[in-house]
Structure formats: structure tokens, C-alpha cells
Amino acid sequence: MARRRSDMPDDLDRRQSTIKDVAELAGVSLSTVSRVVAGNYPVARSTRSRVQRAIEELNYVANTHARALGGGATRTVGFIVNDVRGPAFAEAVHGVEQEAARRGHICLVATTDGDPARELAAIQLMREQRAAAVFLIGGAYDNAAYRTRMADIARSLDSAGSRLVLCGRPPLGDGIPATVVEYDNEGGAYALTSFLVGRGHRRILYVGGHPDFTTTAGRLAGFRRALADLGHPVDEGLFELGLEFTRASGYERVSARLRGERDFTAVFAETDVVAGGAMAAVFDAGLSVPDDVSIVGYDDIPLATDLRPGLTTVRVPYEELGRTAVRAALDRPAGRAEQHQTLGTHVIIRQSAERPAQR
């Protein structure tokens with residue numbers, strides 16, 4: 001029989017309500033309250049209503065840590081990024097947060113600054129918190145040690161009832177219990193390079209990151225494949241690699257190239273941020289974009305429309321990437337080991353790339 005609030009002990013007003021208090025007020029067992037709070041077991045409608053009224057009256061807050069110790073997953077997801085200030089990362093994180101919130105989950109956030117040890121520590125913390133899924137957003141250095149580490153993490157999370165989600169990274173291999181949602185990184189670079197060649201460019205300076213970084217590896221592959229397919233030799237002297245994805249890096253590398261003989265008519269910058277630095281370097285050298293040097297980027301972040309001239313780039317649906325990853329991870333069929341989806345990319349043509357001037 002349910003008890004009235006006035007029948008409860010006087011000291012209840014002076015302490016935090018417990019699950020036992022809720023059970024006594026609603027006239028049900030502790031396990032019934034737990035089932036109503038968890039929301040993942042069937043409970044009769046009248047009983048559920050009684051428990052919910054008791055929860056509201058007592059202002060009861062479920063102890064999620066205790067639930068985790070009991071083996072139940074909390075309504076949280078975690079996401080880990082190198083740096084939340086990166087515009088592309090921010091769009092993907094926004095997609096994860098919005099879709100998770102729509103489903104009643106809250107988000108735990110961690111940044112790594114590219115440090116694998118910090119990434120591992122953050123994953124372990126989220127595993128201890130029983131996050132329903134852990135999202136790793138952005139590229140990584142792909143080598144044997146990375147794949148072994150990620151495979152072990154995927155299995156560890158899976159054994160705890162959680163899920164490893166790689167968002168914007170390639171899959172780990174067959175049989176690994178992970179959700180992978182990536183975008184057509186190589187295809188975007190192929191299309192953009194084909195666009196430049198179609199405009200008449202034959203000597204294209206490629207400015208990008210480390211070749212072992214997954215983002216760079218995909219874009220480099222698309223760039224090289226397009227030149228080969230279109231019958232143009234790849235000049236290894238036209239690569240500036242190993243950059244950080246910053247405006248300063250783009251500016252410094254292109255400035256250095258322009259201090260010598262200009263042996264290129266276009267710049268393929270691996271990100272829009274790098275393209276912004278490259279464009280500033282061209283202007284500071286007394287040259288014009290696109291009359292003297294054409295410049296293209298990749299990502300289509302808001303900066304691309306703010307630059308003058310507007311930046312031709314590849315559109316990556318980062319926000320949808322995050323939303324799709326949440327849907328895939330939380331709605332996955334029981335027993336599904338692997339999931340892999342690839343979203344499309346496409347070229348956005350603006351004013352920064354035209355036919356090369358005759359010299």
C-alpha cells in the first residue's frame with residue numbers, strides 16, 4: 001500500500017531521498033523502482049505512474065554510479081576529440097550531442113591533444129561510467145600498434161555492454177565489435193583534383209599533414225589517383241607534408257615556396273584552415289588568387305565562405321556524421337559485431353580556383 005508524503009519520516013526533508021524512500025511512498029519493491037528508473041523493463045502502467053509520482057514528490061535523483069556498479073548502463077555517451085576548437089570537430093561533436101540529447105542521453109566530453117595515452121585514459125573513464133557508447137571523432141595515426149589498441153578497446157567496451165564508435169576514421173578489420181561511420185575522404189580529394197585538372201592545372205602543390213595520419217592518407221590517395229587516371233605524372237617535389245592543420249602552417253609552407261621560383265599554378269590545401277593560411281601567403285607575396293595562384297581546400301567549414309575570394313572546397317557532412325554515428329551505435333541490432341557506413345562528399349565551387357594564367 002502506498003504511503004502519503006505526510007506519513008514519511010520528518011528528517012526526509014533534511015536529507016537526500018533514497019530509492020528506499022521512493023519504494024515506501026509508492027508501496028512497491030526496490031526492484032520495481034529500479035525498473036521504472038532504468039526504463040528498460042516492462043512495468044504495469046498504474047504501478048509506473050505511482051512510482052513516478054513518488055519520484056517527483058520526493059525530488060529523487062537516481063544514483064547512476066550505484067546503477068553502474070550494479071551492472072546497468074547509464075544514459076550517457078562519451079565523445080573524445082583531439083581539440084574541440086577545430087571547426088570540423090565541432091560540427092561532428094554538435095551532431096553527436098544533438099542526436100544523443102534527442103534520445104535522452106547526456107554527453108561526457110574529453111580532449112586528447114593527439115596524445116594516445118590521454119585517449120586511452122578517457123576511454124577507460126567512460127567505460128567505468130558505463131557510457132552506452134564512446135565516440136572517437138577525427139583522424140588517427142594508423143599503424144599496427146593503433147589497430148591492436150583499438151581492437152582491445154572495442155572488445156573491452158563490448159564486454160561491458162558499451163560500444164566503440166569511430167567517427168571519421170576507417171574500420172579496424174573484420175570481426176571487431178565497433179561502429180564505424182566515415183565519409184568518402186579519398187573520393188572527395190579525387191573529385192577536387194579532377195576539378196583542378198579540368199581547369200587546366202598541371203602543377204598542383206599539395207599542402208597537408210603526415211602521410212600516416214588517416215585523414216591525410218585518404219586525401220593523398222585521392223589526389224594521386226586522380227592525377228594518374230587523368231594521365232598526369234605525379235611530381236614528388238610538389239608535396240609539402242607533415243604540417244599541423246593550422247593557418248600558420250599553411251602560411252609558412254606556401255610563403256617558403258613562393259620565395260623561390262614559382263613552380264605551381266594551384267594549391268591543394270588539405271583543410272580549409274590550411275587553405276586560409278595559403279591564401280594569405282599568396283597575397284603577402286604580392287600575388288592574386290585566383291589570377292596568379294588557384295587555391296582549394298577541404299571540409300567546407302564556415303571559413304570557406306568568409307574568405308575572399310570564396311574558397312572552392314570539398315563539403316564533408318560533419319554534423320550528419322555525428323548524428324548518424326549515434327543512431328547506428330544506439331540502434332544497432334543485438335549481436336551485431338561490425339557496423340560500417342560511409343557518407344558522401346562533394347565539391348563546392350566558389351571563386352578561388354580558375355584557369356591558370358598564361359606565362
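**Exercise 1. Locate Pro 290 and determine which peptide bond at this residue is cis.**

Step 1. Pro 290 is found in the loop that lies between helix H11 (272-284) and strand E9 (294-296). Helices (H or I, at least four residues) and strands (E, at least two) are DSSP runs, numbered from the N terminus.

Step 2. The bond from Val 289 to Pro 290 is cis, and its omega is near 10°.

The structure is a predicted model, in which local features need pLDDT of at least 70, side-chain atom pairs count only at pLDDT 80 or more, and totals for chains, interfaces and linings use all residues. Residues are numbered from 1 along each chain as its sequence is written, and side-chain values use heavy atoms, with hydrogens and water left out.

**Exercise 2. State which peptide bond at Pro 309 is cis, and where Pro 309 lies.**

Step 1. The cis bond runs from Arg 308 to Pro 309, with omega near 0°.

Step 2. Pro 309 is placed in the loop between helix H12 (303-306) and strand E10 (313-315).

**Exercise 3. Describe the covering of strand E1 (residues 76-81) and identify the strands with which E1 pairs.**

Step 1. Of the 6 residues of E1, 6 are buried. One side carries Thr 76, Gly 78 and Ile 80, the other Val 77, Phe 79 and Val 81, and both faces are covered.

Step 2. Two strands pair if DSSP finds at least two bridges between them. E1 pairs with strand E2 (residues 106-111) in the parallel sense over 6 bridges. Strand E3 (residues 134-137) also runs parallel to E1, joined by 4 bridges.

Step 3. Val 81 stands opposite Thr 111 in E2, and in E3 the bridge partner of Val 81 is Ile 137.

Step 4. E1, helix H5 (residues 87-102) and E2 form a right-handed β-α-β unit. A crossover is right-handed if, with the strands pointing away from the viewer, the path from the first strand over the helix to the second runs clockwise.

Notes:
Buried < 20%, exposed > 50% of the residue type's maximum accessible area, 1.4 Å probe, protein only.
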